[in-house]
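I opened my notebook to look up a fold. I will start with the whole chain and then pick one residue.

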Amino acid sequence: MGTLKRHLDPFFARAGISGAQWAILWILYRADEDGQPNLRATDLGDRLLIRPPSVTGVLDRLVRSGLIERNTSPDDKRVTLIALTPQGRDLVETLHNAHDEKVTALLGVLSADDQKSLHGILERFIAHLDEMPDENVQPSPAGKGHL
């Protein structure tokens with residue numbers, strides 16, 4: 001994972017965002033594409049598998065950058081909804097297109113047959129992950145190994 005992170009962090013940094021900010025922007029983008037243009041911070045936390053207080057600082061920075069906005073729910077004034085701004089949507093689309101180009105270039109080292117084999121392996125791996133019960137996933141104590 002360190003190698004992937006080392007390659008992606010500069011990619012996002014060039015756009016002026018962190019990996020955590022990208023994760024939130026991408027979730028909001030995908031939710032909007034699925035007909036859900038607003039999410040609560042708890043929804044974001046659930047999708048990122050982190051608690052809402054940890055999301056708040058990242059949201060604050062994205063609001064200051066003009067990439068997302070917070071709005072009060074028309075149904076419940078106690079609920080704050082998070083949505084992409086047009087600037088945020090443009091950034092996600094730009095980065096996603098650039099990422100697709102980078103992946104295409106990276107996979108160019110593989111033959112068409114190798115790419116097909118890799119795709120099959122990844123599909124089987126994803127299916128296996130989807131079948132695993134959530135209760136088996138437990139964080140390891142700090143400093144005691146990693147996944």
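How many helices and strands does the secondary structure of the chain come to? I found six helices and three strands. Helices (H or I, at least four residues) and strands (E, at least two) are DSSP runs, numbered from the N terminus.

I noted the ground rules. This is a predicted model, where local features need pLDDT of at least 70, side-chain atom pairs count only at pLDDT 80 or more, and totals for chains, interfaces and linings use all residues. Residues are numbered from 1 along each chain as its sequence is written, and side-chain values use heavy atoms, without hydrogens and water.

**Entry: the order.** From the N terminus, I read α-α-β-α-α-β-β-α-α.

**Entry: the sheet.** I traced an open sheet of three strands, ordered β1-β3-β2, with antiparallel pairing. β1 (39–40) and β2 (68–72) stand at the edges with a single partner strand each, so one side of each has no neighbour in the sheet. Strands pair if DSSP finds at least two bridges between them. I checked β1 and β3 (residues 80–84): they pair over two bridges. L39 has I82 in β3 as its bridge partner. I then saw α2 packing on the sheet, where α2 touches β1, β2 and β3.

**Entry: Q21.** I found Q21 in helix α2 (residues 19–33). Is Q21 buried or exposed? Q21 has a relative accessible area of 7%, so Q21 is buried (under 20%, with a 1.4 Å probe, protein chains only). Leaving aside neighbours within four places in sequence, Q21 is in contact with G16, V58, R61 and L62 (heavy atoms within 4.5 Å). I also noted that the Q21 side chain reaches the backbone nitrogen of S18 at 2.7 Å.

How values were computed. Buried means under 20% relative accessible area, exposed over 50%, partly exposed in between (1.4 Å probe, protein chains only). A polar contact is a pair of N or O atoms within 3.5 Å; within protein, one must be able to donate a hydrogen and the other to accept it, and residues adjacent in sequence count only if both atoms are side-chain atoms. Axes are lines fitted to C-alpha atoms, for helices over the stretch in contact, and angles run from 0 to 180 degrees between N-to-C directions.
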